[in-house]
Amino acid sequence: MAKIPELKSQYIWLVALILFLIPAVNPLGAPFAMSDVTVKIYDLMQSLPEKSIVVMGGASVFAFDIESSPGMIACLKQMAARHLRLVTFPLGTEAAQYHKFCIDAARVDQKYGGPWKYGVDYVLLPYTPGGSAALISFLKSVEATVTLDINGVPINQLPLMRDFHSYKDIAVWMCPHWGFIDIIRYATGECGVISVSFAQSAAYATFSPYMMAYPGKVYMTNGYVGGAQYERLVGIKGLGHKVVDSYSLISVLIPALIILGNITMIVRMKEEEVEAKE
Amino acid sequence: MISTDPWIWLSALLSISCFSLLYGDNKAFRWAETTYTASVIGHSVVTGLVTLRDRFYPLYTGAQPQYIVPLILGILSIFIVWRKYAWLATISMALMIGVGTGISMRALIATDIIANTRAVIGETAGILKGSPADQLGNLIRVVFTIAALWYFVFTLIPKGPTAKPFSWIQTIGKYALIAYIGVAVGNTMQQFTGCATSAIYRIVGLWLGFG
Amino acid sequence: MSATVTYIRTYLAQAVIIVGCLAMLIGYFLVSPEAGRVADELNIWNMNVGTFTLFVGIITIFMRYGRSIINRDPNWLFHLYCLVVIALWVPFGTLTGVYSDLYQTLYLNTKITLHITIIGEMIFFCVSAMYRTFRIKSFRTFVLAFLAALMIVFNAPWLTTPFPQVGDAAYWLLNNPQMAAARAMVICGGIGGIILGIRILLGLEKGALRITGG
Amino acid sequence: MTSIELTVVEQIIRAGRTFQLTFMVIMGILAFLAYRLAKRGREWKIKPLEAIEMLTEGVGRAAEMGRPILYLPGISGLSSAQTMAGLTVFGEVCQKAAEIGVTTHLVTSGTDVVAACEAIVRQVYTTIGKPELYQPGKYVKWYGADQFVYAIGAAGHILLDKPAFVVQCGYFLSDVIVAGETASRVGAMQVGGTADQSGLPLMGICCDSLLIGEEIYAASASITGDKLATATLAGEDWVKAILLLLMIVGVLAWAAGSKDIWSLMGM
């Protein structure tokens with residue numbers, strides 16, 4: 001008796017590819033619900049007084065951090081509209097590029113018609129080596145840690161940096177990066193700074209104990225869905241919305257395949273039992 | 001309409017070559033992979049040069065003359081890659097290990113150990129009051145943390161009548177960890193889906209002009 | 001190198017490790033402005049020395065690939081291509097500036113494109129692996145497969161929109177059972193890290209210096 | 001403690017860090033004590049681990065099927081504790097397999113790991129009295145240093161060699177799924193182990209049995225019977241026991257209306 005065949009991986013991949021192509025060619029505009037934690041972060045940013053300094057920084061792997069970008073880009077738009085100020089502090093060689101990417105994509109600079117002026121409303125600092133050592137030093141003394149901005153201009157010549165000396169001047173630390181744990185450990189744990197992450201889904205599991213250890217001080221959204229929610233709160237449609245479309249289809253495929261796999265296993269076991277009896 | 005931007009063409013071709021991995025090892029994938037390696041190394045060198053300028057700017061201006069010491073130690077640290085001269089990097093490595101160890105120890109004790117242990121105790125408040133879902137959640141947090149922590153105890157093996165209850169707790173711990181793996185892997189699918197969406201959109205949307 | 005020099009070097013390195021580590025701990029725990037200043041200065045030295053590690057990769061790759069090209073190893077042409085790309089990349093990046101728009105365009109369209117695609121491909125492997133491996137043969141596999149599938153569905157917009165409670169359930173699963181086990185792992189990792197640090201301080205852990213032959 | 005004494009302590013130790021410092025000192029004493037006891041010959045028994053039993057079963061399965069074993073120690077180098085733990089387990093698997101005539105291959109990404117593994121395989125064949133079976137380059141494969149080139153190399157090796165048993169033990173990230181899925185395709189039994197929290201869930205998708213987190217260190221100490229490695233484990237276990245006690249007493253005290261332990265830990 002012929003046994004039920006196992007599906008070849010290539011066939012499964014082909015189905016998955018088709019499911020990715022459908023929304024890429026024809027966006028579905030799948031609806032999604034809002035979650036409390038995303039609204040909480042939005043409200044927190046809304047509640048900050050004008051001119052508050054927000055730091056965006058941490059250790060980064062750009063390709064992974066792309067998952068944090070929908071929420072971060074939307075948040076940058078919100079910050080610019082609220083007249084908050086931003087300083088970036090990259091702790092990974094890719095983080096500086098990532099910060100520039102987010103700010104460019106948010107179109108908040110005056111060169112894109114946005115309200116922010118470089119040096120006054122936002123400053124991009126260059127990559128600083130040393131990981132957690134650099135972070136500790138930065139929290140204690142900005143001037144001792146960083147001397148030049150990304151354009152090679154001494155930071156004491158930038159108006160914004162004259163108001164920013166240590167962790168005491170930071171209203172919120174935004175970390176759209178994989179390296180959020182260090183921000184919690186040092187910025188929140190040691191200095192009491194509120195930290196927020198548009199956490200990547202793969203990292204949420206790792207970050208969650210730290211979030212629970214500092215209730216009311218650490219906030220994070222979950223993956224692309226969280227990013228799409230923030231996009232909606234700010235009123236834009238970006239990568240978050242695109243991924244929600246694909247995810248809607250993939251989230252049907254995977255459970256269906258798990259069920260199919262189990263049916264195949266049960267049928268094959270029964271067939272083997274029959275064969276054994278014969 | 002198909003893009004005329006050469007950068008989009010380059011990135012689309014690299015993406016397709018990279019996707020060819022699904023058919024197994026091949027020359028196109030090797031090309032993409034080699035380009036990836038080269039870009040990683042190239043970027044780290046370019047960043048390194050700019051960072052050197054920034055880090056030693058105070059030495060150049062004479063504001064911090066003592067930075068000559070880390071400059072020498074830094075140059076010596078490069079010798080780590082030559083087995084014969086690796087000993088020259090000993091002090092530089094020792095400095096990085098020493099400072100790094102101290103920094104990580106203070107964070108680990110404060111956040112990973114004490115703050116998390118306090119959080120477990122503090123969650124008792126959530127067990128005693130709140131919505132049923134929150135109460136159950138807090139109870140699960142406390143029980144699962146204790147059980148999973150006990151699961152990671154390897155050399156204290158209770159004997160006699162207490163052995164069974166302790167072994168049950170370890171079983172609960174084991175299933176807590178399996179639950180962690182299940183939930184975490186389910187949640188992770190968002191990230192992979194997102195990256196695949198981004199890569200496919202680059203080919204279909206930006207390059208071919210659909211969508 | 002004489003045995004005496006090796007001996008001095010080993011103990012000097014051990015002393016530097018202890019001073020560096022203790023400076024960081026004393027600066028954190030004790031109320032002492034002097035200790036704090038020493039810790040801050042050592043911290044900055046550490047960052048400055050760390051800058052040079054960015055060049056270790058290029059030296060390693062030139063040594064390894066150079067050997068491969070000379071020996072005409074199977075993939076020597078790719079290795080040659082890699083070195084050529086690096087040789088072009090570095091002057092390009094230095095001339096245009098690492099934070100310029102042009103450099104950013106190059107970087108986004110090569111390195112980042114490739115990295116995102118590589119990670120994106122994992123979804124294909126995961127999908128087929130879940131079909132093949134999540135077969136419920138025991139209670140353990142049931143818990144694993146059930147929770148993974150549940151989490152995937154609970155994050156799905158098509159379900160959370162008509163039933164927002166499902167989205168709350170996803171957070172409940174992440175923030176309670178999942179978090180508890182992750183917390184136990186964090187605590188264990190923390191203990192392991194500190195014990196390792198103490199062993200380094202006490203000179204019981206030689207592995208740290210083995211890399212330099214110290 | 002009187003208020004005057006408290007002020008003295010606060011003048012020396014920063015506020016909120018007294019308990020942290022005390023606990024760290026206790027940990028140091030316990031770690032040193034375990035080390036001294038091990039030096040004096042004290043031995044500890046390690047609880048049985050299911051995945052270790054699966055390793056033996058996997059070797060037997062490979063022998064039955066007449067197919068080889070593949071071992072993957074991950075993407076880090078010898079400086080990683082996880083890689084070292086993985087290599088210790090590799091030595092044991094390789095020897096068990098060699099004793100019953102099963103070949104074990106290893107694919108790695110670190111060049112330093114290649115050299116170490118060649119030495120391990122050579123030693124294994126010398127130990128079982130068949131040094132002539134060892135040939136450099138036959139058992140240890142290196143396809144490239146990059147995370148995914150290594151993973152694809154391993155996947156290609158699996159498709160070609162069709163191992164009956166695949167072990168992935170060491171430091172892994174998302175690369176684990178490439179070799180893991182391919183091993184599932186050829187019907188290989190799989191055991192995995194890593195302490196990395198992002199690699200571990202993906203390992204859960206493809207492996208039949210897992211060494212979760214710190215279990216990989218326990219497995220390596222248990223397999224070799226290394227006294228000092230076991231002493232380190234014992235020292236850590238004492239600390240875990242103290243923390244467990246603090247948690248349980250703290251929870252019960254809080255339930256009874258006292259926050260003293262919680263407050264003490266925040267001192």
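Author: Where chains C and B meet, chain C puts in 101 residues and chain B puts in 98, with two residues counted as in contact if their C-beta atoms, placed from the backbone, lie within 7 Å. Keep in mind that this is a predicted model: local features need pLDDT of at least 70, side-chain atom pairs count only at pLDDT 80 or more, and totals for chains, interfaces and linings use all residues. As for labels, residues are numbered from 1 along each chain as its sequence is written, while chains are lettered from A and ligands numbered from 1 in the order in which they are written.

On the chain C side touching chain B, at least two residues each come from helix 1 (3-29), helix 2 (33-51), helix 3 (56-70), helix 4 (76-96), helix 5, helix 6 (139-154), helix 8 (164-201) and helix 9 (207-210) of chain C. Helices here are DSSP runs of H or I with at least four residues, strands are runs of E with at least two, and both are numbered from the N terminus. Helix 8 of chain C gives the most to that side, 23 residues. By class, the chain C side splits into 66 nonpolar, 30 polar and 5 charged residues; Ala, Val, Leu, Ile, Met, Phe, Trp, Tyr, Cys and Pro count as nonpolar, Asp, Glu, Lys and Arg as charged, and the others, Gly among them, as polar.

Now over to chain B. Its helix 1 (residues 6-19) has 14 residues and reaches 20 Å from first C-alpha to last, close to the 20 Å expected, that expectation being 1.5 Å times one less than the number of residues. Buried along helix 1 of chain B are I8(B), S11(B), A12(B), L14(B), S15(B), S17(B), C18(B) and F19(B). A residue is buried if 20 or more other C-beta atoms lie within 10 Å of its own, exposed if 12 or fewer, and partly exposed in between, with C-beta atoms placed from the backbone. Those buried residues pack against helix 2 (27-55) and helix 8 (163-207) of chain B, and also against helix 5 (101-133) of chain C.

Chain B touches chain D too, giving 31 residues to that contact against 41 from chain D. Helix 2, helix 5 (90-122), helix 6 (124-128), helix 7 (132-151) and helix 8 of chain B each give two or more residues to the chain B side. Its largest share, 8 residues, comes from helix 5 of chain B.

Skipping neighbours within four places in sequence, G189(A) is in contact with I184(A) and Y214(A), and on the chain B side with A107(B), A110(B), T111(B) and A115(B).
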